[in-house]
Amino acid sequence: MIDLNIQETDKAASYAWLDQLSMMNRQIFMVANKDLNIEFISKYTLEFLEIEYDLTEITSPLPYKSVLTHLAQQGYFGDGNVFEIVERLVTQNEAQLNASPLTLEEINLITPSGRHIHVRQMVTTDERLLLVGDDITQEHIESHALELALSSSQSGYGIYNHESRKFVVYGDALRDHFNINTSENLSLRDAAKLIHPDDFSKFEATWRYNLKNKTTWQITSRGINNEGRSIWLKTHFTPQFSNDGMLTSVICFFTDVTNTIRIQNELRQVTKRTQDTLKAKNDFISRLSHEMRTPMNAVIGIADALIHHHNDPAIQPKLELIQTSAEKIVHILDETLQHAKLEEHKVELNPRLSSPRKCVENLCQLWEEKAATSKIELTYQIDDNVPNQINFDDFRFEQCLNNLLSNAIKFTSGGEIKVIQTIVEKANQSYLITAVKDNGIGMTPAQQDNIFEAFTQADKSISGRFGGTGLGMSITKNIIELMGGRISLNSAPGKGSMFALSLPIKNSISHSANQSINRSLVDTLLEENKPEPSKYKNLNILIVDDNPTNHLVTKSLLDTLVGNIVTANNGVQAIQALEAQDFDLVLMDIHMPIMDGIEATLAIRSCDEVFANIPIIALTADPQYQQKRLCKNIGMNGALAKPVKLVDVLNEIDKILETRQTAQQFAQIA
């Protein structure tokens with residue numbers, strides 16, 4: 001505590017209004033005379049400077065030096081010798097008193113409690129020393145926080161004064177980039193030199209356009225730093241206008257985004273390399289699939305021909321083994337190619353009004369023979385609330401359901417598999433639910449976690465025990481999600497698994513009757529597709545393919561059934577053959593030299609010859625042209641995927657014969 005005695009107490013009383021002003025504005029007020037004796041010090045000042053004092057104890061003058069000594073001892077003026085600090089301050093105050101009036105000096109102090117004070121000291125006209133101080137602690141914290149934010153984010157801001165045509169730049173990081181002093185004001189010309197020459201025209205045009213339209217804007221452009229290198233700056237501009245619409249200033253906030261843009265460029269390059277690698281890999285898979293289908297066509301086709309036309313009990317099982325093994329290879333190729341298409345987002349949906357009931361029935365009939373061989377009871381149940389038709393891609397949906405049935409049969413031996421289809425209403429939306437439930441080996445929670453990952457199976461021993469690529473469930477998940485649905489799984493070890501496909505329904509047509517359950521039509525279907533030789537003996541068929549092996553395969557399949565078969569190696573030879581004799585049907589390969597199947601089909605359909613409307617069926621190893629809709633767009637009547645089997649070829653021929661017969665009947669009626 002210091003001794004504080006002020007002479008002339010009546011003068012102190014005359015400063016009462018100043019004491020009230022000090023308290024009201026929360027400001028420090030102190031007045032000293034020319035002899036540097038304190039005439040007035042406000043109560044708020046004593047409180048703020050943490051000086052213990054009672055104004056009622058005033059008896060003698062208090063030198064200003066005593067107050068300075070007390071503050072120096074408390075550390076207000078920093079570290080150092082207290083006596084030297086006080087003497088320096090007194091000398092400065094005496095010099096200020098002897099100088100011309102109204103001279104102003106400023107100083108920043110820090111109290112022992114850490115508060116910041118900005119002090120302004122001035123000599124009045126009556127030669128008194130007036131000291132006024134403000135608490136700037138909050139402003140200091142905010143300013144320090146702003147500096148930290150600007151520094152950590154490599155940012156800064158500037159203010160353009162339109163009247164002076166000068167820029168003031170703030171933020172150490174940005175000033176260091178451009179070697180700008182804190183107090184330096186930049187002219188427009190100097191500021192323009194900081195912009196990269198290649199970006200200046202765009203920068204200037206954007207500046208003029210937005211000031212004219214009185215709008216804020218943002219631009220990312222390059223600047224030239226103090227080392228002459230380019231840096232990227234993202235800048236937000238906010239113009240300020242007077243009440244009469246005149247520009248007064250522009251606030252500019254800069255952020256150094258050089259590293260961000262560098263990382264983005266690197267990521268783009270990495271992404272492009274990855275996409276190029278993925279495309280090269282998938283192109284290779286597509287070519288591999290196409291090339292392998294040709295020899296597989298020979299293996300499966302010749303085996304199928306021998307099975308149907310050489311019923312030797314000794315070699316029949318061996319032929320069936322050859323055919324089954326080759327079909328497994330083709331299935332692996334199909335799965336790999338399908339996964340590659342999904343990776344490149346090349347799978348397109350073709351929704352149409354189709355029957356979800358038929359999807360279940362057809363696939364259960366398809367797998368019933370395999371299930372019976374494995375002593376599995378395969379049944380299906382379709383609820384009455386399932387519409388007869390809904391708008392969806394039935395081909396892709398069957399692909400998903402087929403994968404689920406394939407897995408269920410693979411992992412269920414001597415058990416039961418049930419397919420259930422129903423409609424569930426949820427949040428004003430109808431969902432088609434199709435579940436495949438088995439009582440097979442089931443899965444642990446850990447195995448369920450990665451069942452939908454590509455090239456991954458539930459257990460490392462699965463591929464050894466059951467085979468497979470590990471792509472089926474990944475493909476199923478991707479396709480059903482592409483259709484807007486999802487797949488769910490419920491399973492437990494030893495208790496089987498249930499996979500459920502959930503598909504939102506948009507448009508549907510109600511059915512009229514329920515379908516029977518657990519029908520077995522595999523044998524009937526095979527019998528219906530086993531033709532009588534007399535049915536096809538008068539047909540003349542033209543086979544167009546550049547591969548002699550494929551000629552042999554197709555001829556071997558049809559030789560004992562069809563009356564006449566002619567072969568051609570390309571589209572040109574095919575047209576020449578059509579001009580030379582009459583044919584009932586053309587089996588056309590897609591990829592051939594000289595003239596391919598597409599060009600040949602377009603040429604046939606556009607000519608004026610009698611054969612312009614001859615039925616054309618594609619026999620192709622190209623997965624793209626195995627889609628019948630695509631082939632019909634070209635002008636073909638259908639498409640079969642290599643390797644081809646006799647039943648499939650005869651089914652297509654039957655469709656054409658039925659169409660021809662119907663057309664003839666209509667012609668007779670007319």
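Visitor: What makes the span of helix α5 (residues 82–98) close to the expected value?
Guide: The expected span is 1.5 Å times one less than the number of residues. Helix α5 has 17 residues and reaches 24 Å from its first C-alpha to its last, close to the 24 Å expected. Helices here are DSSP runs of H or I of at least four residues, and strands are E runs of at least two, numbered from the N terminus. The model is predicted: local features need pLDDT of at least 70, side-chain atom pairs count only at pLDDT 80 or more, and totals for chains, interfaces and linings use all residues. Residues are numbered from 1 along each chain as its sequence is written, and side-chain values use heavy atoms, with hydrogens and water left out.

Visitor: Why are the buried residues of α5 said to line one face?
Guide: Buried means under 20% relative accessible area, exposed over 50%, partly exposed in between (1.4 Å probe, protein chains only). I85, V86, L89, V90, N93, Q96 and L97 are buried. Seen down the axis of α5, the buried residues fall within an arc of 130°, taken from the directions from the helix axis to the C-beta atoms, so they line one face. On the other side, F83, E84 and N98 are exposed.

Visitor: What do the buried residues of α5 pack against?
Guide: They pack against α4 (64–73), β4 (104–110), β5 (116–123) and β6 (129–135), where contact means heavy atoms within 4.5 Å.

Visitor: What makes N81 a cap of α5?
Guide: A side-chain oxygen of N81 lies 3.0 Å from the backbone nitrogen of F83, at the N-terminal end of α5.

Conventions:
Polar contact = N/O pair within 3.5 Å; in protein donor to acceptor, adjacent residues only side chain to side chain.
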